[in-house]
Each structure stands twice: as structure tokens, then as C-alpha cells.
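Me: I want to go through this model term by term. Take each label, set the value against its cut-off, and conclude.

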Amino acid sequence: MNEAEPEPSEPERNDPVSEGSHTESSDTQGSGSRDSDRKNPEVGLRGLPAWLVPLLIGVVTITAGLFSWRAGQLASSAAYEDRQSVGQTIKQEQLNVQAGLQTVNDAVGYVSYRADFAEASALDGVAVELAEQGLLESSEAASAEAADKREAATRRAESVGVFGQQSILNQTIEAPDEPVPFDIDDQLAANKADLSTGITSPGVLNPQDWARMADDTRERVRLLKWDTLLLLLSVLSYTAAELAPNRQVRRAGFVVGSVLYVFVVFSAFTGSFW
């Protein structure tokens, strides 16, 4: 007789031990994947060596230090330019005061000069009257005295600096009996020119140019400070690219840090740095 074959057993369904083992294995794999994703930057930045981001952080940090050093140099230059502007402004005001005092003295001397010429003109009138009366010798004496007064007045005015030799020579040729004209504004400008070109003069003074240079230098310092701040933001972005657990965050940090660094370096070295 044929022995009864055993009935096939039903497939195991929902074995708790097997299911638990499978779940634990999946969790272990997922946890290991996350740990390796967190520890290995190449997972988030495929194709890039693991040392690249730390190297970029170091480069950006050094560049920020270079910008800070250059900003300090420019700040010192701005302070020097400010001192030059203030110093030349003081010297310029001193020259203006000296020129003004000299012009006042010239004006006083010109008043005396005109008084002598007025007296000489009166003597000329007396000489004419004496000549009409037939007193020729007295007339000639009065004319000679008038000429002497004009000559003495001219020498005195020249000695105190009221006129230059060229002005007196021109007047002698054109109208010797008339006084040399005097314009106080022209005299003030001439005195300023003499004081600024003399042996003891400080030379050409341009306080406004120094002030503009100082303002431009301070603007460059301000731009370098902003560039340094952007470089620090680039360091933060690279740090996120190195340490963030999320791939997208690491990728975004790398892109933002690189864009910031390239932009700042290009704008600084084509403008404010030099």
C-alpha cells in the first residue's frame, strides 16, 4: 500500500522574527547611509575631493585678512592726506592774511603817493600862473619842484612795494605827469603770488586736492570693509558645505561661497584694492 504523502505545509506568513530582522537590517542600512553621507563630503559634492572645501575656507580666510591689512594701510593714507589738507589750509590762510596786510600797507602808501602827485599838480598850476605873470624864474622853480615831488613819490612807492619797476616804467613812457593807477584787487592777487613763489614760501598749496584724495581713500576703505564682510559670508557658506547633513544644503553652500568669493575678488582687485 502506498503511504500517505504528507500535506505540504503552508508558506510562512508574517513571521515576527523574520520581519523584525528585516526591519532592523533596513534601519541599520539607512542609519549607516546617513552616517556615511554626513561624514563623507563627496556624497553631497560628487566629483570633488574631500580636501577641496577646507582648502577653500583657508584661502577665503587668508584673502579676508589681506583685505583687512590693505584697508588699514589705506586708512593710514587717508589720515595723512587729511593732515596735509588741514596743514595746507592753515598755511594758505596765513598767506592770505599776510597778503591782505601787505595790500593794506600798499593802499596807505598809495594814498601818500597820490597826495604827493596832487601837490605836484598844484605846483604845476602855480608855475603856469607865474609864467603868465612874467615870473619865469619862479615858474621854472615851481615846475622843477613839482617834478622832484613826483620823482620822490614814485621812488617811495616803489621802495615800499606799492608798484613794480615795470609799472613805473610803463607809466613814465605813457603819461609821466600822471600817477600810476592802483587797483586793490589786482594788488592783493599780486601780493599773494609774490608770497607763494618767494624763497621762503611753502610752494604751491592745494588743500582741496588733498581733501578730495582723503575722501576717495576713505571710500576705498569702506568698500574693502564690505568686501571683507562678504568674504566672511563666503566662509560661512563653505562651512555649511562641509558640515551640513543635507546634500542640497552642502551643494548650495558650495555654490554660494564660490560665487561670493569670485565676485568679491574680481571687484576688489579691479577697483578699491589698488
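Me: Leaving aside neighbours within four places in sequence, which residues is Thr217 in contact with?

Reply: Thr217 is in contact with Leu74, Ser77, Ala78 and Glu81. Contact means heavy atoms within 4.5 Å. This is a predicted model: local features need pLDDT of at least 70, side-chain atom pairs count only at pLDDT 80 or more, and totals for chains, interfaces and linings use all residues. Residues are numbered from 1 along each chain as its sequence is written, and side-chain values use heavy atoms, with hydrogens and water left out.

Me: Why is Thr217 called buried?

Reply: Buried means under 20% relative accessible area, exposed over 50%, and partly exposed in between, with a 1.4 Å probe and protein chains only. Thr217 has 6% relative accessibility, so Thr217 counts as buried. Thr217 lies in helix α6.

Me: What makes Ala71 buried or exposed?

Reply: Its relative accessibility is 9%, so Ala71 counts as buried. Ala71 lies in helix α2. Leaving aside neighbours within four places in sequence, Ala71 is in contact with Val221 and Leu224. Ala71 and Arg220 are 149 residues apart in sequence, with 7.8 Å from C-alpha to C-alpha.

Me: How do you know whether Thr228 is buried or exposed?

Reply: Thr228 has a relative accessible area of 13%, so Thr228 is buried. Thr228 is found in helix α6, residues 207–243. Not counting residues up to four places away in sequence, Thr228 touches Ala64, Phe67 and Ser68.

Me: What makes Leu224 and Thr228 a polar contact?

Reply: A polar contact is a pair of N or O atoms within 3.5 Å; within protein, one must be able to donate a hydrogen and the other to accept it, and residues adjacent in sequence count only if both atoms are side-chain atoms. The backbone oxygen of Leu224 lies 2.8 Å from a polar atom of the Thr228 side chain.

Me: Why are α2 and α7 called roughly parallel?

Reply: The axes of α2 (residues 52–132) and α7 (residues 247–272) come within 12 Å and cross at roughly 30°. That makes α2 roughly parallel to α7. Angles under 35 degrees count as roughly parallel, over 145 as roughly antiparallel, 65 to 115 as roughly perpendicular and the rest as oblique. Axes are lines fitted to C-alpha atoms, for helices over the stretch in contact, and angles run from 0 to 180 degrees between N-to-C directions.

Me: Which residues of α2 and α7 meet, and how do they divide by type?

Reply: In α2, the residues include Leu52, Leu56, Phe67 and Leu74; in α7, they include Phe254, Tyr261 and Phe269. The residues of this contact divide into 14 nonpolar, two polar and no charged. Ala, Val, Leu, Ile, Met, Phe, Trp, Tyr, Cys and Pro count as nonpolar, Asp, Glu, Lys and Arg as charged, and the others, Gly among them, as polar.

Me: What makes α6 and α7 roughly antiparallel?

Reply: Their axes come within 7 Å and cross at roughly 160°. α6 and α7 are therefore roughly antiparallel to each other. The residues of their contact divide into 15 nonpolar, seven polar and four charged.

Me: How many helices and strands does the chain have?

Reply: There are seven helices and zero strands. Helices (H or I, at least four residues) and strands (E, at least two) are DSSP runs, numbered from the N terminus. Buried residues make up 26% of the 274 residues in the chain.
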